[in-house]
Amino acid sequence: MQNAGVAALGLNWRYLAFEVHPDDLRAALEGARLMKFVGVNLTVPHKVLAVEMVDVLDESARLWGAVNTVRFEGEEGREAWRPLGQMDELPRSVRSHGFNTDADAIGRAVVEDLGVVVAGARVLLLGAGGAGRTAAFKLASESVGQLFLVNRTGEKAKAVEREIRSRWPSVEVTTGYPSGAVDLVLNATSLGLRPGDGLPLDESQFPLRQAGAVYDMIYRPAETPLLKAAKAAGCRVANGLSMLLYQGAKALEIWSGKAAPIPIMRRALEKNVYG
Ligand code: ATR
């Protein structure tokens, strides 16, 4: 996806995967900075660790408590920094700048794939782990109309509820299933990843026909039991591939300062993930 985007933008860059032990993350980031990498993406568990390791934190990373994109920047003058990927001559002094593009990707994915505008919507969110918490805060920050939180371990959903009430007091948030219809069901649990997994929700408490749309953050398999059941119930459905696409597209924009070629990146991603 990134190499297709980079090529389409005419950039002489390469996107490569490196396996780094969490204990070595600080050294690896320092190495990337000294070798004047344009930037890096980080995945679990490095995203949270990197918050303490970058020189500057963007508001997005501060808000979500996680860094998934680092941009290296060179000093141009006193206190003036420019993305390395946008400089013609490499500077002596380079700093790291941490961003988070995951949260924005959630909002963009549900709007583009399902036509759901978060502001004012009634949403049932399944899961209160790392992905669920981020999704809940993103929905709250976008003025979701009513948010219902369900998680196997109820106390974790309660903790997210309390945090939303304190940070976004105007948002209506409760734990437990809604009565009546919702605009969107969002699955942020890992149920559906493995063959034989059941549904991440209890259909006796919330029948799927009550949902206008269902988004599953899982993208492999392409159709989870939840999406299959939701489709049969007449809901609009989408899987998590678009979230992967949009967080990556945003990272490329952060590094390059150019609009990401979304359709080209989407095609490359689909080809790589689904063959
Ligand atoms: P991630 O970073 O992907 O969110 P996580 O923090 O481990 O990973 O969260 C996994 C989520 O899937 C949690 O909401 C978890 O529920 P618990 O908080 O009760 O653990 C949920 N989950 C995982 N396996 C599940 C199962 N078999 N049934 C129901 N929920 C499950």
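A polar contact is a pair of N or O atoms within 3.5 Å; within protein, one must be able to donate a hydrogen and the other to accept it, and residues adjacent in sequence count only if both atoms are side-chain atoms. In this predicted model, local features need pLDDT of at least 70, side-chain atom pairs count only at pLDDT 80 or more, and totals for chains, interfaces and linings use all residues. Residues are numbered from 1 along each chain as its sequence is written, and side-chain values use heavy atoms, with hydrogens and water left out.

**Ligand site**

An oxygen atom of the ligand lies 3.2 Å from a polar backbone atom of serine 190. For alanine 131, a polar backbone atom is 2.9 Å from an oxygen atom of the ligand. Lysine 156 takes part through its side chain, where an N or O atom is 2.6 Å from a ligand oxygen atom. The residues around the ligand (near means that one heavy atom of the residue lies within 4 Å) are Gly127, Ala128, Gly129, Gly130, Ala131, Asn151, Arg152, Thr153, Lys156, Thr189, Ser190 and Leu191.

**Helix packing**

Helices (H or I, at least four residues) and strands (E, at least two) are DSSP runs, numbered from the N terminus. Axes are lines fitted to C-alpha atoms, for helices over the stretch in contact, and angles run from 0 to 180 degrees between N-to-C directions.

| Helix pair | Axis distance | Angle |
|---|---|---|
| Helix 5 (residues 102–114) and helix 9 (residues 241–256) | 8 Å apart | about 125° |
| Helix 6 (residues 130–141) and helix 7 (residues 154–167) | within 11 Å | roughly 30° |
| Helix 5 and helix 6 | within 9 Å | roughly 65° |

Helix 5 packs on helix 9 at an angle of about 125°, which makes helix 5 oblique to helix 9. Angles under 35 degrees count as roughly parallel, over 145 as roughly antiparallel, 65 to 115 as roughly perpendicular and the rest as oblique. The crossing of helix 5 with helix 9 is right-handed; this term applies if the near helix is turned clockwise from the far one by less than a right angle, and left-handed if anticlockwise. In contact (heavy atoms within 4.5 Å) are Asp102, Ala105, Ile106, Arg108, Ala109, Glu112 and Asp113 of helix 5 with Ser242, Met243, Tyr246 and Gln247 of helix 9. These residues comprise 5 nonpolar, 2 polar and 4 charged. Ala, Val, Leu, Ile, Met, Phe, Trp, Tyr, Cys and Pro count as nonpolar, Asp, Glu, Lys and Arg as charged, and the others, Gly among them, as polar.

The axes of helix 6 and helix 7 cross at roughly 30°, so helix 6 is roughly parallel to helix 7. Helix 6 passes helix 7 in a right-handed crossing. Helix 6 supplies Arg133, Ala136, Phe137 and Ala140 to the contact, and helix 7 supplies Val160, Glu163, Ile164 and Arg167. By class there are 5 nonpolar, no polar and 3 charged residues.

Helix 5 also crosses helix 6, in a right-handed sense. Ala103, Asp104 and Ile106 of helix 5 meet Thr134, Ala135 and Lys138 of helix 6. This contact has 3 nonpolar, 1 polar and 2 charged residues.

**Backbone features in loops**

Valine 44 and proline 45 are joined by a cis peptide bond with omega about 0°. Proline 45 is in the loop between strand 1 (39–41) and helix 3 (46–49). A cis peptide bond also runs from arginine 220 to proline 221, with omega near 5°. The loop between strand 10 (211–216) and helix 8 (225–232) holds proline 221.

Lysine 36 is not a glycine, yet has a positive phi of about 60°. Lysine 36 lies in the loop between helix 2 (25–34) and strand 1.
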